[in-house]
Amino acid sequence: MSGIRVALVDDQALFRAGIRMLVESQPDLVFAGDAADGRAAIALAERSRPDVMLMDVRMPQLDGIAATERILADAEREGREPPRILVLTTFDLDENAARAIRAGASGFVLKDADPEFLLAAIRTVHRGNAVIAANATRALIAHASPGSGRRPAPAAWDDLTAREREIFALAAKGLSNAEIAAAEFLSEATVKTHLSRVLGKLGLRDRVQLVVFAYEHDLPSG
């Protein structure tokens, strides 16, 4: 029976064993192998061709960010479909999570997330959507205090309307379209349209990149 092929990269053997059991308990998921470091992850991606890779950040040999870049670059060079990469992070790795998104990862979740959330995240990124853990998002933005070396707002920021900036701010906090719609008294369709325009104007791929954009730039509040 076919299913979503899931590979895991983490240097902790007990964690790998637990995730493997979780994945194998699901009828629509197939465990496609694991690796304990970044270099082994590159070989695993080439050998097993997983649909989704769960990628730790801090590992020996090669970290998860560099491994993500190599895996996606190899797939592009060979003309094959790349795996969707879901970064596993902890609160003290938020900056690295942002770097991983820039490297091409499809999202990030906390390593202590509920099993059901992790399973839902795997299925979500497999469908081509991005995943951001709300708790991780709040921690990420909280660490981005003014004067912390962030870049000034780019010229494209001035192209956003006041309403689009409001939508941007709520999305950057990890709110879903439904939550933004309720907060702003809008329909979900309208929120989706606004978000699409925001992403287009800022040259961003998805909501995850939007969060990273908010983290990296010192944006005017007005």
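The model is predicted, so local features need pLDDT of at least 70 and side-chain atom pairs count only at pLDDT 80 or more, while totals for chains, interfaces and linings use all residues. Residues are numbered from 1 along each chain as its sequence is written, and side-chain values use heavy atoms, with hydrogens and water left out.

**The largest pocket**

- The largest pocket has a volume of about 410 Å³; a pocket is an open set of points on a 1 Å grid over the protein atoms alone, where a 1.4 Å probe fits, with protein on both sides within 12 Å along at least five of seven lines.
- Its volume is the space filled by probe spheres set on the points, which are joined across faces, edges and corners.
- The lining has 19 residues, and N129, A130, N177, L195 and R207 lie nearest the centre; lining residues have an atom within 4 Å of a point.
- Two or more lining residues come from each of β6 (131–132), α8 (177–184), α9 (188–202) and α10 (207–216), with α9 giving the most, four residues.
- Helices (H or I, at least four residues) and strands (E, at least two) are DSSP runs, numbered from the N terminus.
- By type, the lining holds seven nonpolar, six polar and six charged residues; Ala, Val, Leu, Ile, Met, Phe, Trp, Tyr, Cys and Pro count as nonpolar, Asp, Glu, Lys and Arg as charged, and the others, Gly among them, as polar.

**Helices α7 and α8**

- The axes of α7 (residues 162–172) and α8 come within 10 Å and cross at roughly 130 degrees; axes are lines fitted to C-alpha atoms over the stretch in contact, and angles run from 0 to 180 degrees between N-to-C directions.
- On the α7 side, R163, E166, I167, L170 and A171 meet I180, A183 and E184 of α8, where contact means heavy atoms within 4.5 Å.
- The residues of this contact divide into five nonpolar, no polar and three charged.
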